[in-house]
Amino acid sequence: MRVALFVTCVNDLLYPDTGRAVVTLLERLGVEVDFPAAQTCCGQPQFNTGYRHETEPLVRRYADAFDGYDYVVTPSGSCAAMVRDNYPRIAERAAAEGRDDGLAAAAAAAVPKTYELTEFLVDVLEVTDVGAYFPHTVTYHPSCHGLRMLGLGERPRKLLQAVKGLELRELDGAEECCGFGGTFAVKNPDVSLAMGHDKVRHALDTGATILCGADNSCLVHLDGILRRNHAPLHTLHLAEILASTEQHPYQPTTTGATR
Amino acid sequence: MSGTYLGLPSFPDAAHTSTHDTQLRANLTHATHTIRTKRATAINELPDWPQLRTAGAAIKDHTLHHLDHYLLQLETAVTNAGGTVHWATDADEANRITTHIIHTTGETEVVKVKSMATQETGLNEALHTAGIHAYETDLAELIVQLAHDKPSHILVPAIHKNRTEIRDIFHNEMAHWGRPAPDHLTDNPTDLAEAARLHLREKFLRTKIGISGANFMIAETGTLVVVESEGNGRMCLTLPDTLISIVGIEKIIPTFQDLEVFLQTLPRSSTAERMNPYTTMWTGTTTHDGPKNFHLILLDNGRTDTLADTTGRQALRCIRCSACLNVCPVYERAGGHAYGSPYPGPIGAILTPQLRGTTTPLDASLPYASTLCGACYDVCPVAINIPEILVHLRERVVQGGPVTVRGTRTTIKPAKGHAAERAAMRAGRWTLDHPTAWSATQRMAGATRRLHPRRLPLPGPAKAWSDARDLPEVPAQGFRAWWQQREKDTQRGKGEQK
Ligand code: SF4
């Protein structure tokens, strides 16, 4: 089984700990992971802002970078959804405009092997107890694209519930969007913040010390609000919790107060 | 669409005001959350909901595909039943036809059952200019009219008002329009309803012309259908001598039997009821009963142009149930007025820019009034993929492209004000398509990270972000660099073992 990590551009640049955690976790579960250096970004920011043409080379890049792997695992529901939902659509539209150039084949190759992390763990490796230890109170925010486009369902929560020492606190209005929405956060700052503040308030109400998510894009927004308000709550990617064990407890390696 | 909403601020500007209105936010959150929960229960009662949803979408798609055929069939059926059919290409034409019909009767007053089509055409304003008084009779619509306000929700136009505010509106305004509100009116819902009933009853009995929209038009029989909860609509539809119905051409369905699907999905999806209290159907005219004259005005106003767009045309399936508004987190915070159109919320964000075009700053901002969270698509009883259309329209805004305007295929230019963003996207794409450039960017970010301030004093996107959110700190080493380091270390480790 040849497995590649698609770390995503956001994690590559801002949250390397998440990528490291995925590597640690998968290796602990006996999976040999590779990181093809030709990967960059799935094209979601461009596509969702309306620059469909600009995403075409990135579709091809993704397919080329992961050519020859059986699985591509990514710690981001929205990037996985971008590949699965939108790559075929992008190829179809390009063909209709007379620019196929193998795009359809690229999309067709990419779609079936792309897995969001929790899907890969639960569906492919068939594990929910990954042997993690994390003695903290945690509340979980399911991101919209993972929730609705991928239909991750109970997978993330099942994984969290199996973590030793972890106490999972229910989040009020969990399924409601946090207000990030990519460029939405800067194009509509007032609504974005109003939504973010509500999400943060519900998270604080749980009394948990960690707000966990499976998509760092949502967390960058929520974390920004929490830190601005000096709130006693930290955001953390699910992978980092799952990577944590009694012998090697979670320890942020990046300097700074991001988390 | 009409000029009534022209010149309104773009969505983000309008939302700047509404998100800071705490009373409005509280009213909206309360109302949408209540209906949301009730709706979920009503839907769960139907085990065949997914099939009903597919059937609804299929019926609508089929009809839209053969729209010309069904519209002509409808025209024949309505005419045979004693009605008169008029065709209106745009708002002005619809208003002109309506005004002309009313003038011919010599009347100067009309009662109206809630109609989105007439809001779209700005009929009330047009009638006012022509010296005709139009009275809204839907309770919520009456509140909005008395308050000199605009509707802010498809189904509950006065959703943004609470009952104390409504009491004050009745108390201060009713007397100017007819029967005054009773003295010492309380904000008890029963008392408010009674005040409205007394006020409206007078108008129903006096007025000779009724104006309506329709939820459905049945091609085979020429029957029009209005679905409502109060019975005020039925009064408008049956008491006056002349009935004028102004209906968007997409409201047509082929057969009477097709109604069975929508009469299940519409009430549950909109008011969380198993069946709505009043379903009124009328076919042409009948001797000794109901209106003596019936006029049907079929409104295009951008609909056939929308139909020409293979992705965007799904929006014409909409049955105006308002479920998408009630689950939308953006609508909940921004309120209906921010959308500057009779169609607010997710459906408004995709319908308005298609019907009106994307040339004004407001219309160009609407496709961005969403986080693409997908909650609207999930609830839509006719499975309109709203996020897909939003992204499609964003493309139209930033890149321009082929569209149909008044039946003619043309290519539009990108909307103004996106040049810098476009340049940045292109540059970003170039970097992302060259991994060496991308890792250089990353190294540079790491090296200069001490220079990245937490709060940017800069204008533009960075400011919009950092006004109320801290920026993330850039780590010293990105993932890519870490991986390369690790690879090197393993290689070295292997070398030493030898
Ligand atoms: S788009 Fe769908 S959910 Fe929204 S009002 Fe129309 S039918 Fe209802």
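This is a predicted model: local features need pLDDT of at least 70, side-chain atom pairs count only at pLDDT 80 or more; totals for chains, interfaces and linings use all residues.
Residues are numbered from 1 along each chain as its sequence is written, chains are lettered from A and ligands numbered from 1 in the order in which they are written, and side-chain values use heavy atoms, with hydrogens and water left out.

In chain A, 4 strands make an open sheet in the order β6-β5-β7-β8, with parallel pairing. Strands here are DSSP runs of E with at least two residues, helices are runs of H or I with at least four, and both are numbered from the N terminus; two strands pair if DSSP finds at least two bridges between them. At the edges of this chain A sheet stand β6 (167-169) and β8 (234-237), each with a single partner strand, so one side of each has no neighbour in the sheet. From one strand to the next, the twist averages 35 degrees. Inside the sheet, β5 (residues 137-141) and β7 (residues 210-213) of chain A pair in the parallel sense over 4 bridges, and A:H141 has A:G213 as its bridge partner in β7(A). Helix α12 (residues 216-228) of chain A lies across β5, β7 and β8 of chain A and runs at about 170 degrees to β8(A). Contact means heavy atoms within 4.5 Å, and angles, from 0 to 180 degrees, are taken between N-to-C directions of lines fitted to C-alpha atoms, for helices over the stretch in contact.

Chain B has an open sheet of 4 strands too, in the order β8-β5-β6-β9, but with mixed pairing. Its edges are β8 (252-253) and β9 (278-283) of chain B; each has a single partner strand, so one side of each is left without a neighbour in the sheet. Strand β5 (residues 216-218) of chain B pairs with β8(B) in the parallel sense over 2 bridges, with B:I253 in β8(B) as the bridge partner of B:I218. Helix α12 (residues 259-271) of chain B lies across β5, β6 (223-228), β8 and β9 of chain B, at about 170 degrees to β5(B).

As for the ligand, the residues around it (a heavy atom within 4 Å) include B:C318, B:C321, B:C324 and B:C380. By class, this shell has 10 nonpolar, 1 polar and 1 charged residues, where Ala, Val, Leu, Ile, Met, Phe, Trp, Tyr, Cys and Pro count as nonpolar, Asp, Glu, Lys and Arg as charged, and the others, Gly among them, as polar.
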